[in-house]
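Please look over the structure shown here before reading the notes that follow.

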Amino acid sequence: MRIIIAFISLGILLLSCKKDHPATPGDSVKDTLPQPSVTVKDSLASSKSKESVFHFVTELCDNEGYFDENKYSRKEIEGTYKLWFELSGTLMNTPSVFYLKNLHEVRENKDEILTKLDTEFAEKKALLQTLKVVNTPYWQNIKKQRYQELLIEYETEKIQIIAYTDPSVLLNNKLSKNCRKFAQALNADEGQMIEEWRKLREEMSKRNGDPERIMREFSEHLNSPDRKDYAIIDLITFGWGNCSNSQIARVSYDEKMAKAFDDLFIKIDSDCDEP
């Protein structure tokens, strides 16, 4: 009798233990490790660069730059190269006026020159506005600065071309803010004009390797029947023109920018000519 009771008690104990046993795979209890709600990429696979080659030229070299398409698109690399290298010079292109012949040509073809300038400005403006460069603070800022430079350079070149025929446009113009002495001299009587012209030539002679030539030219031009036109050339080209251009905040195309461009690439293979 005691053996039967013991056997029954052991059975009850075993049934009780079975209820507390973890659920079997067929039960609805979830895995204790939470499953991610999104697919996790393999970090090793995602960090692997996708190399592409960009061919570009510099002053003496043909270059093959290898860049990571996971970082920059080809269009961004192309646009940054254009901003760094192809657009590094003067953005506007107008005739230089150093001699009487140049002055006469500008006066005779003023409307044609201004129309060409307007067209060139519209093209350069559209180019810079739509130019896609790498999305870093440095290059985005360079693009912004270059655009502002274009706007001011266009205004300066336009008013200068007009001034060779009508110097009065320089008076009360915002671009003449720090160049008023030249604007005033160009619109003063002949005596005042010649005096400012003389001062300008004296300053030019101090910066020139042949100062005697600069003053000798001044004396020759002063005694010419075209002395007023010679004065206009100097006072606009070397006076007002240089003064206004010196106030334009220009982008520095220096070693820092060259390095910033090179840093976009994993490596660069170059084939260079001797300097």
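The points below take up a sheet, a helix lying on the sheet, and a pair of helices in contact. This is a predicted model, and the descriptions that follow should be read with that in mind.

**The sheet**
- Three strands make up an open sheet with the order E1-E2-E3, and their pairing is antiparallel.
- Strand E1 (51-57) and strand E3 (267-272) are the edge strands, each with a single partner strand, so one side of each has no neighbour in the sheet.
- On average, and with direction ignored, neighbouring strands of this sheet are turned by 15° against each other.
- Strand E2 (residues 61-68) pairs with E3 in the antiparallel sense over six bridges, and Glu 64 stands opposite Asp 269 in E3.

**Helix H3 on the sheet**
- Helix H3 lies across E1 and E2, and the helix runs at about 25° to E1.

**Helix H3 against helix H6**
- Helix H3 (residues 74-86) and helix H6 (residues 137-163) have axes that come within 11 Å and cross at roughly 50°, which means that H3 is oblique to H6.
- The crossing of H3 and H6 is left-handed.
- From H3, the residues Thr 80, Leu 83 and Trp 84 meet Trp 139, Ile 142, Lys 143 and Arg 146 in H6.
- Sorted by class, the contact of H3 with H6 comprises four nonpolar, one polar and two charged residues.

Methods. Residues numbered from 1 in each chain as written. Predicted model: local features only at pLDDT ≥ 70, side-chain atom pairs only at ≥ 80, totals over all residues. Heavy atoms only, no water. Axes fitted to C-alpha atoms, helices over the stretch in contact; angles between N-to-C directions. Helix = DSSP H or I, 4+ residues; strand = E, 2+ residues; numbered from the N terminus. Parallel < 35°, antiparallel > 145°, perpendicular 65-115°, else oblique. Left-handed = near helix turned anticlockwise from the far one by under 90°. Contact = heavy atoms within 4.5 Å. Nonpolar A, V, L, I, M, F, W, Y, C, P; charged D, E, K, R; others polar. Pairing = 2+ DSSP bridges.
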